Amino acid sequence: MAAAMSGQDAYGPAPDADAFEGIARDTIARLPPAFAAHLSDVLLLVEEEADAGTLAALGLDHPLDLTGLYHGRPIGEKSSMDSATMPDRIHLYRQAILAEWIETGVRLDDLIRHVTIHEIGHHFGLSDDDMHALEDAVTD
């Protein structure tokens with residue numbers, strides 16, 4: 001009887017943080033110019049998993065429950081009166097995305113693209129329907 005393959009064996013080696021960032025940056029580069037113009041000051045961070053403070057603030061118990069997070073104020077809520085604020089940030093959590101990849105069988109680049117677009121959507125204050133339309137525009 002053959003031994004069961006682990007997720008990594010079944011899918012190949014897990015891409016590193018640089019590969020994740022490359023897929024996310026490619027996604028951003030494919031955005032319509034009206035969106036891309038407003039992302040130059042947003043930091044993109046690929047981290048292994050969300051820290052305990054972030055999880056607690058969101059009411060989550062396990063780091064694999066969070067694939068991405070937008071920290072900042074959506075564009076429509078920004079004011080010229082804002083001063084000395086941290087730059088807006090998009091966090092992609094590698095371990096949670098890898099776990100979802102193995103669990104769902106969705107192509108990893110599609111999953112990274114989906115999470116990236118979702119967090120960008122929060123930056124713009126988009127609805128879920130708008131996020132899906134933006135994702136469709138990037139994958140065509």
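This is a predicted model: local features need pLDDT of at least 70, side-chain atom pairs count only at pLDDT 80 or more; totals for chains, interfaces and linings use all residues.
Let me begin with strands: helices (H or I, at least four residues) and strands (E, at least two) are DSSP runs, numbered from the N terminus, and two strands pair if DSSP finds at least two bridges between them. Residues are numbered from 1 along each chain as its sequence is written, and side-chain values use heavy atoms, with hydrogens and water left out.

I will start with strand β3, residues 89-93. Strand β1, residues 43-47, runs parallel to β3 and is joined to it by 5 bridges, with L44 standing opposite I90. Strand β2 runs antiparallel to β3, with 4 bridges between them, and here H71 has R89 as its bridge partner.

Is β3 buried or exposed? Taking buried as under 20% relative accessible area, exposed as over 50% and partly exposed as in between (1.4 Å probe, protein chains only), 5 of the 5 residues of β3 are buried, so the strand is largely enclosed by the rest of the structure. Both of its faces are covered, with R89, H91 and Y93 on one side and I90 and L92 on the other.

Next comes D88, in the loop between β2 and β3, which is buried at 9% relative accessible area. The D88 side chain makes a polar contact with the side chain of Y70 at 2.9 Å, where such a contact is a pair of N or O atoms within 3.5 Å and, within protein, one must be able to donate a hydrogen and the other to accept it, residues adjacent in sequence counting only if both atoms are side-chain atoms.
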